Amino acid sequence: MRVLFAVNPHKSVFQYLVPMAWALRTAGHEVRVASQSSFAETITRAGLTAVPVGRRRDLNRPLEMLDSQVIADSRKGLPQPWDVADDLSLATWEHLLEGFTLATDSWREENFPLVNDLVEFARQWKPDLVVWDPWTYAGPIAAKACGAASARILFGADVFGVARAHVLRLKEQQPVGERADPLAQWLGGYARKYGGEFTEDMASGHFTVDQFPRSLQAVAPGVSYERMQYVGYGGPAVVPGWLWKEPAARWR
């Protein structure tokens, strides 16, 4: 198969994707990893083939733009609407709609630089599968545009899927004219641009790869999960010379 990974230039998230990309390539599949050009060196240092897409972005700028209070609040726990995964009492239509509106605005800004080039490459390379993390919605947009299967891979508990399941459940309880869905509206606009229509796999993938132990998993109803053994990757490393020598004392 041809497998295209799509990831925003966040090193901590990318490192969760590397072992799966390695495993697919070792099994004989063709693997490409698409991200912004400024992130290409990080991808190639992991031994993977990079596809630079979109305009260049300063990787430090998003953190510099965040208000210090926003950063402080984020350390207290899950932000809205993902906090519903920790506190079921927050599963109200108003709370989730507000949270998804804010989250979609953020995703729109972060993914906009990637979409056009990623779709162009996907249509040219014709991957069988597009793999993306829960922040990189340019991935499912490209999968829809080229007709590939779409897989979401998690970098933590699936609070994204849990919140999405609650908002879908509550949306059905609203009057027909008030069933807002900011995420579906945004992704649907791109789907129509490239000749399709929004389907729920654009939000959650045709399936989701979960590499965490069951004690850390958050399972969302309606989501198809594939379990994967966690294999750590922390970037390039060098074995120091002192480790070459047989220890004089007992083995560690």
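How many of the five residues of strand β5 (residues 149-153) are buried? Four of them are buried, so β5 is largely enclosed by the rest of the structure. Buried means under 20% relative accessible area, with exposed over 50% and partly exposed in between (1.4 Å probe, protein chains only). This is a predicted model, in which local features need pLDDT of at least 70 and side-chain atom pairs count only at pLDDT 80 or more, while totals for chains, interfaces and linings use all residues. Residues are numbered from 1 along each chain as its sequence is written, and side-chain values use heavy atoms, leaving out hydrogens and water.

**Strand β5 and its partners**

- Helices (H or I, at least four residues) and strands (E, at least two) are DSSP runs, numbered from the N terminus.
- Strand β4 (residues 129-132) pairs with β5 in the parallel sense over four bridges; two strands pair if DSSP finds at least two bridges between them.
- V130 has S150 in β5 as its bridge partner.
- From β4 the chain passes through helix α6 (residues 138-146) to β5, a right-handed β-α-β crossover: with the strands pointing away from the viewer, the path from the first strand over the helix to the second runs clockwise.
- Strand β6 (residues 207-210) also pairs with β5 in the parallel sense, over three bridges, and R152 has T208 in β6 as its bridge partner.

**Residue V84**

- V84 lies in the loop between α4 (68-74) and α5 (93-125), and V84 is buried, with a relative accessible area of 2%.
- Not counting residues up to four places away in sequence, V84 touches L90, A91, L96, A163 and H166, where contact means heavy atoms within 4.5 Å.
- V84 and V159 are 75 residues apart in sequence, yet 8.0 Å apart in space, C-alpha to C-alpha.
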